[in-house]
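Subject: Structure handover

Hello,

Here is the structure I promised to pass on. Please open it first, then read my notes below.

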Amino acid sequence: MIDTPKSFTPHRPEDRKAMLNFIGVESIDDLLTGIPKDLRLKQPLNLPRAVPDWELEKHLRDLAGKNATVHTHLNFIGGGMYDHHIPAVVDALASRGEFLTAYTPYQPEMSQGLLQILAEYQEQMAKVMGLPVVNCSSYDGGTALFELGWMGCLASDRGDAGVLYADAIWPQWQDILKSHLTPRRVALDTVEHDAKTGRLNLQSLEDKLKSERPAVFLFQTPNRFGVLEDIPAIVKLCQAHGVRVGMSFNPLLSGLFSTPGSLGVDFASCEGQPLGIPLSAGGPSLGILSCKKEYRKFLPGRLVGKVADIYGNPAYALVYEDREQHVAREKATSNICSNQAWCALRAVIYLSLLGESGYARLAKIIAHKTDYLIKQLTSIPGIERAFAGPVFNEFAVKLPKPAGTVLDALRGENIFGGLAFDDTPHGELLLIAVTETKARQDMDRLARCMKKVCA
């Protein structure tokens, strides 16, 4: 054992000796016998010399300055997480100490402020989803989608009913479905997309609904290609075969189109990151879950409801907790009941700032900018859309050169050009995302650089 005179612990040698005597061992090495000797550190760590705070801060800033981020580069990468503008007031309010230090509000008399905010979150998201029951909340969009599948199984009266899902769901979300549902012995199968439109192949869906009779069918819109699915057609087919429908969608779509609930979807989820949550190198995130009222008992996580306090005054409290892990333990509907309340807080502030008209305007701006960039890029020789289906927020293109070569060249121009993938039957594709933060000159700059690179 390396015994350094300068330790990060306050214990003196006599203190350590007293503690070792108390537990009946001779030395600290005796505590480490379970670790093979060849894996133990045999010399002091090679750490740099201690420096003053100002010098350390400067060193860390210099290291951070080497990072390429969405603040240093023009960013067109999407793939599930997007570069949206977040009004300064979201950070200002969400950074208040009473929110940063808040814990799960199991004691309502101590948490009325947070509980009211979460109740407003549920009410606002119920409008976005078009479904009456919304939880708060799940880890992220991927785990929320898994929960839809499991809720469909719990609601089924057939023990052998499996989960059918679209193959154009994000690949990483498909991995979550497999890793969580396979150990529960849920049969899984996919429905292919149409090679021309990029949309779900409705004939393939109907064939599998007939032959497999799953508990639920899951799909995503826009899908991994940025293509919008035909929701009414999918719902109609599933209802004709008595199969429940679970859908994950970009929440901004509710600013343009009918909500999932109004189209007949039984369960709906989304990744809430576009609603006032920064990219932050991949997290944190927000999974949003909703369902029809008859499926409330299968919904994981907590719900906030209006109650009366001991004096009869209006108040808020957690309700319908019987399915949660801290109550039901191993019989819980789900043991992924993360307290994402702070992310939900950011979302409700963001939605309140936009209002319904601002929400619709934002979605229209993104749709128009997506269309503009498509026209600019597809006018370049050799660049063409990969699919003919309608898109929102992002779209896939085919390039005349390897996508990796193009992206490397664009990075040299301080541009993140998109997300390349080649795990489909369509060859290598480039997925390009557009948000409200991209001005016309930004998109024109990308088009000019792409034209130069692809020449």
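A word on terms first: buried means under 20% relative accessible area, exposed means over 50%, and partly exposed lies in between (1.4 Å probe, protein chains only). This is a predicted model, in which local features need pLDDT of at least 70 and side-chain atom pairs count only at pLDDT 80 or more, while totals for chains, interfaces and linings use all residues. Residues are numbered from 1 along each chain as its sequence is written, and side-chain values use heavy atoms, with hydrogens and water left out.

Overall picture

The protein has 13 helices and 15 strands. Both are DSSP runs numbered from the N terminus: helices are H or I with at least four residues, strands are E with at least two. The C-alpha trace spans about 75 × 65 × 45 Å along its principal axes. Of the 455 residues, 48% are buried.

Helix packing

Helix α5 covers residues 112-129 and helix α11 covers residues 341-378. Their axes come within 9 Å and cross at roughly 50°. Axes here are lines fitted to C-alpha atoms, for helices over the stretch in contact, and angles run from 0 to 180 degrees between N-to-C directions. α5 and α11 are therefore oblique to each other. The scale is this: under 35 degrees is roughly parallel, over 145 roughly antiparallel, 65 to 115 roughly perpendicular, and the rest oblique. The crossing of α5 and α11 is left-handed, meaning that the near helix is turned anticlockwise from the far one by less than a right angle (clockwise would be right-handed).

Salt bridges

How many salt bridges does a search of the whole structure find? There are 16. Each is a side-chain nitrogen of Lys or Arg within 4 Å of a carboxyl oxygen of Asp or Glu.

One of them joins Asp91 and Arg346, with the closest N and O atoms 2.7 Å apart. Asp91 sits in helix α3 (residues 88-94) and Arg346 in helix α11, so the pair ties together parts 255 residues apart in sequence. Asp91 is partly exposed at 34% relative accessibility. Arg346 is buried, at 2%.

Asp423 and Arg224 form another, at 2.8 Å between the closest N and O atoms. This pair also links distant parts of the chain, 199 residues apart. Asp423 is in the loop between β14 (419-421) and β15 (429-433), and Arg224 is in the loop between β5 (216-221) and α9 (231-240). Asp423 is partly exposed at 47%, whereas Arg224 is buried at 7%. Elsewhere, salt bridges that share partners join Arg12, Glu14 and Asp15 into one network.

Backbone points

The loop between β5 and α9 also holds Pro222. The peptide bond from Thr221 to Pro222 is cis, with omega near -10°.

Two arginines have a positive phi although they are not glycines: Arg185 at about 60° and Arg213 at about 45°. Arg185 lies in the loop between α7 (171-181) and β4 (188-191). Arg185 is exposed, at 80% relative accessibility. Arg213 is in the loop between α8 (202-212) and β5. Arg213 is partly exposed, with a relative accessible area of 46%.

Best wishes
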